[in-house]
Amino acid sequence: MSQGFRTLIRRILSPVVSAVAVVYFVIDAVFLGVLKPLLNWLGRQPVLVRTGRWIASLGPYPSLILLGIPVVILEPLKPLGFYVMATGHPIQGAAILAGAEVAKIVVVERLFRISRDKLLTIRWFAWCYRLVTGWLARLRALPAWQAVVRAGRRIKARARDAISWFRSAA
């Protein structure tokens, strides 16, 4: 393949890959924000506290393998959800998509929180982590991201006001 052709492909694919990554991280961030109370509650359950202690006793590479298991199992369900939606079953497809995303975020976020320090002792993992967190920091600094955050805060405030109004009216 010629150098010019590679450059052309890179110029075409780079924005597409970046856009897909932005959408993916935004969806994950939205779901994680909504699921925080559930995650905190789950973290206090006795069986999960014991499981967390066991996970904390693992080394870096077993922790990495354990972190990858839910991703390997749940990520393929997303294209399945899109397929089900495309075949005329939008509610079922959306349920598969949402269920897979919620389950993945709940499990992976918890495992990562427990194993983060050990995982960062793996040099290539630490490099990737710094790359992704740096990229996310630049994304969050963009005016468009800040506008979305402000809009989200306004929506939350209005929702809280509406809930307070309904409670006081009841």
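Buried, in what follows, means under 20% relative accessible area, with exposed over 50% and partly exposed in between, using a 1.4 Å probe and protein chains only. Hello everyone, and thanks for coming. What we have here is a predicted model, in which local features need pLDDT of at least 70 and side-chain atom pairs count only at pLDDT 80 or more, while totals for chains, interfaces and linings use all residues. Residues are numbered from 1 along each chain as its sequence is written, and side-chain values use heavy atoms, with hydrogens and water left out.

Let me start with the overall picture. The chain has 7 helices and 0 strands; both are DSSP runs numbered from the N terminus, H or I of at least four residues for helices and E of at least two for strands. Of the 170 residues in the chain, 20% are buried.

Now to helix α5, which covers residues 90–119.

On to the aromatics. The whole structure holds 4 aromatic pairs, meaning rings of Phe, Tyr and Trp (its six-membered ring) with centres within 6.5 Å; planes under 30 degrees apart are stacked, over 60 edge-to-face and the rest tilted. W124 and F125 are edge-to-face, with 6.1 Å centre to centre and 70° between the planes. W124 is partly exposed at 47%, whereas F125 is buried at 14%. Ring pairs also link F112, W124, F125 and Y129 into a cluster.

Last stop, the surface. F5, L8, I9 and I12 make a nonpolar patch of about 340 Å²; patch residues have over 30% relative accessible area and no salt bridge, and nonpolar side chains (Val, Leu, Ile, Met, Phe, Trp, Tyr) are joined within 5 Å, like charges within 9 Å. A salt bridge here is a Lys or Arg side-chain nitrogen within 4 Å of a carboxyl oxygen of Asp or Glu. L8 belongs to helix α1, residues 3–43, and is partly exposed at 45%.

Note on methods
Expected span 1.5 Å × (residues − 1). Areas by Shrake-Rupley, 256 points an atom, 1.4 Å probe, with all protein chains shown as cover.
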